[in-house]
Amino acid sequence: MRDRLLAAEKVKAIDWRDGALYLLDQRILPFEEKWIAYTSAAGVAEAIRSMVVRGAPAIGISAAYAMVLSARARIAEGCDWQAEWEEDYALLADSRPTAVNLFWALGRMRDRLDRLKEDADPLAALEAEAIAIHESDREANLTMAQLGVDLIRKHQGNAQTILTHCNTGALATGGFGTALGVIRGAFIEGMVERVYADETRPWLQGSRLTAWELANEGIPVTLNADSAAAHIMKTKGITWVIVGADRITANGDVANKIGTYQLAVSAMHHGVRFMVVAPSSTIDMNLASGDDIPIEERDGSELLCVGGQRVGAEVEAFNPVFDVTPADLIDAIVTEKGIVERPDTAKMAQLMCRKRLH
Ligand SMILES: CSC[C@@H](O)[C@@H](O)C(=O)COP(=O)(O)O
């Protein structure tokens, strides 16, 4: 299955070459495929903030490369380059608050620098670390896809009708996706009849990105309004809701794109299984529960305007872009270290002690 999964890796959103970070501009997909080259950490921080690049793992990978760009520029400037590198670190850490992969990747880059032998080349070491972070996310996607497919097979086998939310595919990761990776794997194995993709208001990751990724590969996909999800669960024979995550806490609570929580409540009501797929870099064992997760609120204009055109009345808009699904609504969390069914604090702690399966 691994080879067939690798052959399905067609789209990518992040490219590190010729000493620059290239990002596929996700603000204008699916109408235009435009790559932007970044050569400074400040540029990458702005790309994360403005969502040129988005999705928890992709944000972390981009930040890691940004720290290489920072080191190159700061070393060239001379003086106390590490102090200025720390300023870039803080700038990146401030770009988006919810996805913990950002802080995890930045932490790994700083650790690499701290462990550096005196005569070692810091730039080469940081670049190797960023590439390792990128590669290991790609590997994690492959492992999670295989584990997720096995889990589906264990419960129901073929003929899955799956509902998903946001975009968790190649555009959001270093490989071919977390939740969308499992869906891709299940399709390759002949197990998927149809995928329902929530449009994911207000940024439309579902209609612009997920529908585009799935349609490009010939995976049967139907787009629906977020508010149609409960009706679809009731009438369309949904077997699984499969989503990604931006931060999972020590008790198994999951922060993900706004609207995920109501999907989990609905899934429980309709007896539909609920799977979360995320690499261990998304797990934050420092937070006891989802109540502690900082939830990003973005500008109200994202709600009040569509395609740059004002559609809402002249009122204030509240735009939290993530929510927290409590662990007791989740059937399984699939990671590259293994699967946790019916997550709780003890099971999450056991999972984090395990080695990666690849
Ligand atoms: C593999 S991506 C998992 C999550 O990052 C994804 O579901 C999500 O919520 C992305 O939010 P976004 O605001 O588009 O960065």
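Trainee: Where is P30 found?

Mentor: P30 sits in the loop between β2 (20-24) and β3 (35-38), where helices (H or I, at least four residues) and strands (E, at least two) are DSSP runs numbered from the N terminus. This is a predicted model, in which local features need pLDDT of at least 70 and side-chain atom pairs count only at pLDDT 80 or more, while totals for chains, interfaces and linings use all residues. Residues are numbered from 1 along each chain as its sequence is written, and side-chain values use heavy atoms, with hydrogens and water left out.

Trainee: And is the peptide bond from L29 to P30 cis or trans?

Mentor: That bond, from L29 to P30, is cis, with omega near 5°. The peptide bond from R201 to P202 is cis as well, with omega near 0°, and P202 lies in the loop between β5 (192-198) and α8 (205-216).

Trainee: Why mention those bonds at all?

Mentor: Because most peptide bonds are trans, and most residues other than glycine have a negative phi.

Trainee: Then which value does phi of D18 take?

Mentor: Phi of D18 is near 50°, which is positive although the residue is not glycine. D18 belongs to the loop between β1 (14-17) and β2.

Trainee: Is D18 buried or exposed?

Mentor: D18 is exposed, with a relative accessible area of 71%; buried means under 20% relative accessible area, exposed over 50%, and partly exposed in between, using a 1.4 Å probe and protein chains only.

Trainee: What about R342, where is that found?

Mentor: R342 is in the loop between β16 (338-341) and α12 (345-353), has a positive phi near 45°, and is partly exposed, with a relative accessible area of 37%.
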